[in-house]
Amino acid sequence: MTATARFTGDANPYGGGDPYADYRTADFPFTDLVDLADRRLGAGVIAANDEFFAERENLLKPEPAEFDPERFGHKGKIMDGWETRRRRGASADRPHPTDEDHDWALVRLGAPGVVRGIIVDTAHFRGNYPQAVSVEAACVPGSPSPGELLGPGVKWTTLVPRTAVGGHAANGFIVAAEQRVTHLRVNQHPDGGIARLRVYGEVAPDPAWLAALGTFDLVALENGGMVEDASDRFYSPATNTIQPGRSRKMDDGWETRRRRDKGNDWIRYRLVEQAEIRAVEIDTAYLKGNSAGWASLSACDGESGEWTEVLPRTRLQPDTNHRFVLPEAVRATHIRIDIFPDGGISRLRLFGSPTEGGAARLAARHRELGG
């Protein structure tokens, strides 16, 4: 593990105005990857030893933490994060917690994967953040209970060793462990509050599950698809287009700025593995006055393969799910959607199944990662 920009110590007390004005953050090299702890993928905080001041579930809220200086409850200040009570020592002679004392929360990732970076965000926790944090990981099949995860038979690997952090800051850590992870144990030493947890990495799907499905969405985040590049991310990220489910509001899709030239916008995707695509969905849900006017799809087989158009430029309707059955299966590892001239789409679905070679590579990768 290598730490990125380091933040330690208290932030100044809130003095009014924009609470994020003195927030400490940095450009982290892993934030373009998928957040494996995204609630939309099915992530959850399944247990914590203490959540006296603020609930553990706040850790995975998708939006930035909010701060209301006037909001108090019968237990004290209500914070938008996970906050534990102050730890105390064993007696008047030993009033301080020991070095081993700490609070913990168990996080189930929404999609199993290889973790590349973690952000422990202490936004608005200015003098009540933990002195240090650590993060451990485990790979456990099925849907284990908290008791099972904490049992003696589970092997936990340290992703982030005990490291000092700062208040009101995005504390980021690069992770180098090359292993498949399903659950995390987030520790704060000795106590305090964390606003948000972000776990960036690459999805590592279970090949046995995908084989049982047969035909599935080859570009979905939860199945291991990913966005490699996009022409424009002005209003919303291109990764939204491969999130689970249908879009529920306009900013839950991909929308570009208005073009003032004769070009067009596009997204390039990498499929879970080499596969044969048989059907396509292009959804413009909630994009009513700003959906793309037309769209086309091109496919490429291999990093150095040639791009071939598989769906010619086709008219799109606003707020509509468009379905296309391809005349013949298309073998590909990458897909590019071009929209004309600008606007957006909410979801792209590519239905098919891995080739024999693609399935073999998925299985081999799964074994390499200890799945």
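On the side of domain 1 that touches domain 2, 3 residues are nonpolar, 2 are charged and none is polar. The structure is a predicted model.

The two domains are also linked by 1 salt bridge. Arginine 40 pairs with aspartate 252 in a salt bridge whose closest N and O atoms are 3.4 Å apart.

## Domain arrangement and interface

The domain assignment divides the chain into domain 1, covering 34-203, and domain 2, covering 207-359. Their centres, taken over C-alpha atoms, are separated by 34 Å. Contact between them involves 5 residues of domain 1 and 8 residues of domain 2.

About 560 Å² is buried between domain 1 and domain 2, and carbon and sulfur atoms give 60% of this area. Of the area that domain 1 buries against domain 2, 76% comes from Arg40, Leu41 and Val203, more than from any other three residues.

## Nonpolar cores

The largest nonpolar core comprises 81 residues, and Ile118, Tyr269, Ile282 and Ile337 have the most contacts inside it. This core lies between domain 1 and domain 2, because both domains give residues to it. Leaving aside residues up to four places away in sequence, isoleucine 337 touches a set of residues including Trp266, Ile267, Tyr269, Ile282, Leu297, Ile345 and Leu348. Asp265, Ala295 and Ser296 are also among the residues that isoleucine 337 touches.

A second, separate core contains 8 residues, among them Ala47, Leu106, Val140 and Leu149.

Technical notes
Residues are numbered from 1 along each chain as its sequence is written. This is a predicted model: local features need pLDDT of at least 70, side-chain atom pairs count only at pLDDT 80 or more; totals for chains, interfaces and linings use all residues. Side-chain values use heavy atoms; hydrogens and water are left out. Domain bounds come from an automatic or database domain assignment. Contact means heavy atoms within 4.5 Å. Buried area is the accessible area (1.4 Å probe) that two parts lose on being put together, summed over both. A salt bridge is a side-chain nitrogen of Lys or Arg within 4 Å of a carboxyl oxygen of Asp or Glu. Ala, Val, Leu, Ile, Met, Phe, Trp, Tyr, Cys and Pro count as nonpolar, Asp, Glu, Lys and Arg as charged, and the others, Gly among them, as polar. A nonpolar core is a set of buried Ala, Val, Leu, Ile, Met, Phe, Trp, Tyr and Cys residues joined through side-chain atoms within 4.5 Å. Buried means under 20% relative accessible area, exposed over 50%, partly exposed in between (1.4 Å probe, protein chains only).
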